[in-house]
Amino acid sequence: MDIGKILISTAIKSAQKAKIDGVLGAAVRAIDVDRLEEEWEGFSPLGGDVIDVTPEVINVSNLDSRVNILISQAKRSALQMPVRQKAASITAHCRGDDKLCLIETIFNWVKGNVHYREEFQEQFISPVFYAEGYDVADCDDYSMLIGSLLLASGVGIEENTPLIFRVTGKNKKSPSHIFPVAPVNGDYVALDATLDQPMGYDLSQQGEIIVKDFYVY
């Protein structure tokens with residue numbers, strides 16, 4: 001059994017043993033474990049918490065593979081105890097069905113505790129590191145971190161209203177940025193923590209266009 005399957009087994013057994021109620025336990029049960037296991041078998045680098053990526057210019061030909069790694073890592077991390085505990089602690093004041101409270105609280109926590117540095121590395125850093133105190137991220141890492149905290153809180157896990165990873169750029173052939181877009185109250189809200197702007201603001205308001213939306217489920 002690989003490390004991913006061990007982590008899933010441990011997380012679910014822990015939730016069942018503690019008889020966790022509410023959104024945290026529901027989120028653990030709702031994530032499609034079989035689907036995750038299949039994805040891990042297809043993405044061999046996902047066994048680790050620091051994923052090396054090829055230092056190449058991101059373009060439309062390699063975009064899907066890169067974003068799929070981010071999505072799979074966000075879903076994997078949502079099942080790991082440090083991320084689940086962090087999500088539960090920072091959203092403790094929110095009702096489980098108050099998606100807006102959960103989303104806004106997670107976004108504000110990330111903005112206040114993790115500092116943006118533009119493309120400073122050729123690695124994807126696991127959200128587990130950030131849950132344990134690491135505090136520097138680029139847009140890829142922000143997307144994984146916010147995505148994993150949302151998933152662990154039960155946001156964006158439904159197939160009819162999934163979490164989205166949105167890629168933008170100056171044109172369709174030049175993807176340059178990524179951020180999560182979360183479902184709330186029948187609509188979607190942008191969560192771009194790289195900007196000195198409130199929740200809901202994204203670079204489309206500065207002329208960038210949507211290159212592609214990637215659905216987490």
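This is a chat about a predicted model of one protein chain.

Colleague: I'm new to this one. How many helices and strands does the chain have?

Modeller: There are 8 helices and 10 strands. Helices (H or I, at least four residues) and strands (E, at least two) are DSSP runs, numbered from the N terminus.

Colleague: And what should I know about the ground rules?

Modeller: It's a predicted model, so local features need pLDDT of at least 70 and side-chain atom pairs count only at pLDDT 80 or more, while totals for chains, interfaces and linings use all residues. Residues are numbered from 1 along each chain as its sequence is written, and side-chain values use heavy atoms, with hydrogens and water left out.

Colleague: What pLDDT does the chain average?

Modeller: The average is 78, and 70% of the residues score at least 70. pLDDT is the predictor's confidence in each residue, from 0 to 100.

Colleague: Where does pLDDT stay under 50?

Modeller: Over residues 1–37, for which the model has 52 contacts beyond four places in sequence. Contact here means heavy atoms within 4.5 Å. Residues 52–60 are also below 50, and that stretch has 19 contacts beyond near neighbours in sequence.

Colleague: OK, on to packing. At what angle do helix 6 and helix 8 pack?

Modeller: About 145°, with the axes 10 Å apart. Helix 6 covers residues 99–113 and helix 8 covers residues 139–152. The axes are lines fitted to C-alpha atoms, for helices over the stretch in contact, and angles run from 0 to 180 degrees between N-to-C directions.

Colleague: Is the crossing left-handed or right-handed?

Modeller: Right-handed. A crossing gets that name if the near helix is turned clockwise from the far one by less than a right angle, and left-handed if anticlockwise.

Colleague: Which residues meet there?

Modeller: From helix 6 you have I103, I106, F107, W109 and V110, and they meet Y142, L145, I146, L149 and L150 of helix 8. By class, the contact has 10 nonpolar, no polar and no charged residues. Ala, Val, Leu, Ile, Met, Phe, Trp, Tyr, Cys and Pro count as nonpolar, Asp, Glu, Lys and Arg as charged, and the others, Gly among them, as polar.

Colleague: Which residues touch the most other members of the largest nonpolar core?

Modeller: V110, L150 and F165, out of 49 residues in that core. Helix 8 gives the most to the core, with 9 residues. A nonpolar core is a set of buried Ala, Val, Leu, Ile, Met, Phe, Trp, Tyr and Cys residues joined through side-chain atoms within 4.5 Å. In soluble globular proteins, nonpolar side chains tend to be buried together.

Colleague: What is L150 in contact with?

Modeller: Leaving aside neighbours within four places in sequence, L150 is in contact with I103, I106, V155, L163, A182 and L191.

Colleague: Back to helix 8: is S143 buried or exposed?

Modeller: S143 lies in helix 8 and counts as buried, at 0% relative accessibility. Buried means under 20% relative accessible area, exposed over 50%, partly exposed in between (1.4 Å probe, protein chains only). Beyond four places in sequence, S143 is in contact with F165, I178, F179 and P180.

Colleague: How much of the chain counts as buried?

Modeller: 50% of the 217 residues.

Colleague: New topic: what is N185's phi?

Modeller: N185 has a positive phi of about 50° although it is not a glycine. Most residues other than glycine have a negative phi. N185 sits in the loop between strand 8 (175–184) and strand 9, and is exposed, with a relative accessible area of 71%.

Colleague: And where does Q197 lie?

Modeller: In the loop between strand 9 (187–190) and strand 10 (209–215). Q197 is partly exposed, at 31% relative accessible area. Aside from neighbours within four places in sequence, Q197 is in contact with F107 and K111.

Colleague: Last one: is L79 buried or exposed?

Modeller: Buried, at 2% relative accessibility. L79 lies in the loop between helix 4 (63–77) and helix 5 (81–90).
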